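Please have the model open beside you as you read.

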Amino acid sequence: MLTSPNRKHNKHFFYKYATVETAKSILINKTLRFSSPLIFNDPFDVARKLKFQFSSDELNSAFCNELLCLSQNDPPVSVSNPKLQTIVDALHNSNPDQRKQYLNQIKKTFPSRNLDEIESFKKLQQQWESLLHLSRILSIAERNDNPVMWWCYADNYKGVVIELECIDIYDSPLLLARQVNYTDAIPTIGHTIGSLDHYIKKGQPNRIRYKQLFKEMLEHLELTKTSHWAHEREWRVISFEKDSDQLHSDYQVHPRTFSKIFFGENMAERDRQDIEHLINFNLSHMEIYVMILNHNCRQIQFRPRQEK
């Protein structure tokens, strides 16, 4: 079986809880909605303010240590900034006592202060705020039988859950889904200290690695939620929208992405008929199931629509 190189997981299916009106829009247009985190129901979802797990003193020390490491190569490693190259060369040509004195002078050049006061970190925060407006996230679930989610996202059992198949041959965006991490710890950024070499060395591989580090940083922030939401067992597909002034973007997917639909217990018969008509007309491969509330074991179960 062909496996897409874009696949990030081993899941075959995900589920989308939806109201009747949203389900109709999905099935008619064959689209999935990616929304801005700015309109999520959790105000703490996707950090608005960047938090770093190091101080300016720690950053200063790490910076000096990295310069020292670069200078100890023979010849010293080339760096992208001419001023930094001068420092590396000077350290390389100094004796141990001179190096120590030189590094102490460099450390004194950068006084201790809050990272928020440093211009480069101010710009990083501004860049993050701009990216938040462009960020688009598809939220999907790994189960279709969560009572809380049926209540919250499927209109008190009057809506539906749509099964979404991750099909490699169609290079489905669902292949890029990543699992949300639930924690009460505030997400922080710590790549700077551990990866200073990627910031200051020359060469295309390091620029590529820097972009990868920045991408990982963004994903870390967008894939972290507080433990209050752990019951959702959410997965996300992250994208960015550059042209829309709306806080959502609808992306078309292959019709075979929609494999099954599950009707809620409280769904009106007219709504069931409307959606059945849409499926029979345009998505006849989809299987239709109805909910059964099994009170003996307190579980949500499903049966095919045609069975009695």
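1. How confident is the prediction? The mean pLDDT of the protein chain is 87, and 90% of its residues reach 70 or more. One stretch to treat with care is residues 191–195, where the pLDDT is below 50. Beyond near neighbours in sequence, that stretch has 11 contacts in the model.

2. Now the overall picture. The protein chain has 308 residues, and 44% of them count as buried. Its secondary structure consists of 10 helices and 12 strands. If you look at contacts between residues at least 6 apart in sequence, 79% join residues at least 24 apart. The chain exposes about 17,600 Å², with carbon and sulfur atoms supplying 50% of that area.

3. Helix α1 covers residues 20–29, and its buried residues are Val-20, Ala-23, Lys-24, Ile-26 and Leu-27. Seen down the axis of α1, these fall within an arc of 165°, so they line one face of the helix. What do the buried residues of α1 pack against? Their partners are the strands β1 (13–18), β2 (31–35), β4 (160–165) and β10 (258–263), together with helix α10 (269–282).

4. Helix α2 gives us a simple check on geometry. It has 16 residues (56–71), and at 1.5 Å a residue these should span 22 Å; the end C-alpha atoms are 23 Å apart, which agrees. The buried residues of α2 include Leu-59, Phe-63, Cys-64, Leu-67 and Leu-70. Also among them are the polar residues Ser-56, Asn-60, Glu-66 and Ser-71.

5. In helix α3 (residues 82–92), the buried residues are Leu-84, Gln-85, Ile-87, Val-88 and Leu-91. Viewed down the axis of α3, they fall within an arc of 160°, so they line one face of the helix. Pro-82, Lys-83 and Thr-86 are exposed on the other side of α3.

6. Phe-14 deserves a visit in your viewer. This residue is found in strand β1, and at 0% relative accessibility Phe-14 counts as buried. Leaving aside neighbours within four places in sequence, its contacts include His-9, Ile-140, Glu-142, Ile-162, Leu-164, Cys-166, Leu-174 and Trp-235. Of these, Ile-162 is 148 residues away along the chain from Phe-14, yet their C-alpha atoms are separated by 8.5 Å.

7. Next, the aromatic side chains. How many aromatic pairs does a search of the whole structure find? There are 11. One of them joins Phe-14 and Trp-235 in a tilted arrangement, 5.2 Å centre to centre with 50° between the planes. Phe-14 lies in strand β1 and Trp-235 in strand β8 (residues 234–240), so the pair ties together parts that are 221 residues apart in sequence. Trp-235 counts as buried, at 7% relative accessibility.

8. Phe-52 and Phe-54 make another pair: their ring centres are 5.7 Å apart and their planes are at 55°, so the pair is tilted. Phe-52 is buried, with a relative accessible area of 14%, and Phe-54 is buried as well, at 6%. Elsewhere, one aromatic cluster is formed by Tyr-15, Tyr-17, Trp-150, Tyr-157, Phe-262, Tyr-289 and Phe-302.

9. Finally, a word on backbone angles. Most residues other than glycine have a negative phi. Asn-156, which is not a glycine, has a positive phi near 55°, and Asn-156 lies in the loop between α6 (147–153) and β4. Tyr-157 is found in the loop between α6 and β4 too, and has a positive phi of about 70°. Is Tyr-157 buried or exposed? With a relative accessible area of 15%, Tyr-157 is buried. Tyr-157 also belongs to the aromatic cluster of the previous point.

Technical notes
Residues are numbered from 1 along each chain as its sequence is written. This is a predicted model: local features need pLDDT of at least 70, side-chain atom pairs count only at pLDDT 80 or more; totals for chains, interfaces and linings use all residues. Side-chain values use heavy atoms; hydrogens and water are left out. Helices (H or I, at least four residues) and strands (E, at least two) are DSSP runs, numbered from the N terminus. Buried means under 20% relative accessible area, exposed over 50%, partly exposed in between (1.4 Å probe, protein chains only). Contact means heavy atoms within 4.5 Å. Accessible areas come from the Shrake-Rupley method with a 1.4 Å probe; for residues, only the protein chains shown count as cover. The arc is that of the directions from the helix axis to the C-beta atoms. The expected span of a helix is 1.5 Å times one less than its number of residues. Rings of Phe, Tyr and Trp (its six-membered ring) pair if their centres lie within 6.5 Å; planes under 30 degrees apart count as stacked, over 60 as edge-to-face and the rest as tilted. pLDDT is the predictor's confidence in each residue, from 0 to 100.
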